[in-house]
Amino acid sequence: MRRHRGFTLIELLVAIAIIAILAAILFPVFAQAREAARKASCLSNLKQLGLALAAYSQDYDETMPPSQLPSFGANVSWPTMLFPYVKNEGVFVCPSGETGLVMRNLGGGVTQTYCGVTNTAANPNRFNQHGDGSTQPLGLVNRLSYGRNLIPNIVGAWSTPGFYNGNKSGFVQTGTTLSVPDAMVEDPAGTIHVVDSWTTLCDQGNSIRGIQEERRTDHFNANTASKVAYRHQEGFVALYGDQHSKWIRWGSTRARDWSIQQD
């Protein structure tokens with residue numbers, strides 16, 4: 001009669017070891033591929049926001065939207081202003097955005113818990129804390145992952161020694177509700193406009209919507225209320241003033257990358 005020979009214990013252990021080694025090699029590759037796809041989706045979001053910003057500027061006498069409209073008891077944030085040009089709330093959300101508080105290392109031993117997606121549903125009763133920072137029910141964007149470069153033209157907003165000379169700003173003037181005409185943007189191709197952002201509270205849309213101090217950028221390790229986020233392979237996606245977007249390694253920018261003036 002024909003005898004059927006099974007696997008020995010040694011053979012089974014060798015097979016299991018080979019599978020474990022292959023899994024250890026392939027799983028990080030799959031994770032990197034998935035994150036690369038999310039980064040591409042994030043780049044697409046910012047390109048669409050860039051088109052919306054350009055369309056808004058054309059409709060409003062070649063002027064960029066402010067952080068929010070000047071408040072008269074109610075606030076309307078820039079994502080809600082852009083929504084008619086986008087008509088898709090998903091464009092305002094990074095696919096890698098953290099939906100809860102996560103501890104992040106900012107370098108130099110400094111850490112902070114940050115959230116990468118603000119959400120109206122996190123605290124629907126909080127006044128003026130709509131997902132994008134608009135007063136409820138005026139807000140049209142319930143979830144937000146991106147912040148604009150809204151560093152104002154004031155000395156206290158800039159931290160690089162010797163950089164501020166009385167004429168440095170992001171895409172606002174001396175206050176975040178003061179719009180910037182396109183003609184004031186001297187270096188659109190070299191100035192970061194919209195970035196991946198974090199905030200310390202998941203229901204605080206008026207924090208994540210803007211980077212309002214240089215120390216909130218990636219080249220300072222200050223644990224501030226909002227921050228440029230390194231959620232894409234140790235870097236972040238940025239939209240520039242001329243509407244091109246790219247990935248930037250976290251910590252590599254300088255003050256000149258955040259001012260609309262020629263530096």
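**Entry 1**

I looked up Ile16 and found it exposed, at 54% relative accessible area, because the cut-off for exposed is over 50%. I note that this is a predicted model. Ile16 sits in helix α1. I then checked the nonpolar surface patch: Leu9, Ile10, Leu13, Val14, Ile16, Ile18 and Leu22 make it up, and together they have about 700 Å² of accessible area.

**Entry 2: nonpolar cores**

I turned to the largest nonpolar core, which has 27 residues. The members that touch the most others are Leu46, Leu49, Leu82, Phe92, Tyr146 and Val194. I listed the elements that give two or more residues to this core: α1 (9–59), α2 (78–86) and β9 (235–240). Helix α1 gives the most, with seven residues.

I took Leu82 for a contact list and left aside its neighbours within four places in sequence. Leu82 is in contact with Leu49, Ala52, Leu53, Tyr56, Pro65 and Phe92. I also found a second, separate core of 20 residues, with Ile151, Phe163, Val195 and Ala255 among its members.

**Entry 3: the β1–β2 hairpin**

I checked how strands β1 (residues 102–107) and β2 (residues 110–114) pair: they run antiparallel and are joined by five bridges. Asn105 has Thr111 as its bridge partner in β2. The two strands form a hairpin with two residues between them. In the turn, Gly108 shows a positive phi of about 65°.

**Entry 4: salt bridges**

I searched the whole structure and got six salt bridges.

Glu98 pairs with Arg104, with the closest N and O atoms 2.9 Å apart. Glu98 is buried at 8% relative accessible area, whereas Arg104 is partly exposed at 23%.

Asp196 pairs with Arg231, with the closest N and O atoms 3.4 Å apart. Asp196 is in strand β6 and Arg231 in the loop between β8 (226–228) and β9, so this pair ties together parts 35 residues apart in sequence. I found Asp196 buried at 0% relative accessibility and Arg231 buried at 9%. Glu98, Arg104, Asp196 and Arg231 belong to one network, joined by salt bridges that share partners.

Lys168 pairs with Asp263, with the closest N and O atoms 2.4 Å apart. This pair links distant parts of the chain, 95 residues apart: Lys168 is in the loop between β5 (146–149) and β6 (192–199), and Asp263 in the segment after β10 (245–249). Lys168 counts as buried at 7% relative accessibility; Asp263 counts as partly exposed at 47%.

Technical notes
Residues numbered from 1 in each chain as written. Predicted model: local features only at pLDDT ≥ 70, side-chain atom pairs only at ≥ 80, totals over all residues. Heavy atoms only, no water. Pairing = 2+ DSSP bridges. Helix = DSSP H or I, 4+ residues; strand = E, 2+ residues; numbered from the N terminus. Core = buried A, V, L, I, M, F, W, Y, C linked by side-chain atoms within 4.5 Å. Buried < 20%, exposed > 50% of the residue type's maximum accessible area, 1.4 Å probe, protein only. Contact = heavy atoms within 4.5 Å. Patch = residues over 30% accessible without salt bridge, like charges linked within 9 Å, V, L, I, M, F, W, Y side chains within 5 Å. Areas by Shrake-Rupley, 256 points an atom, 1.4 Å probe, with all protein chains shown as cover. Salt bridge = Lys/Arg side-chain N within 4 Å of Asp/Glu carboxyl O.
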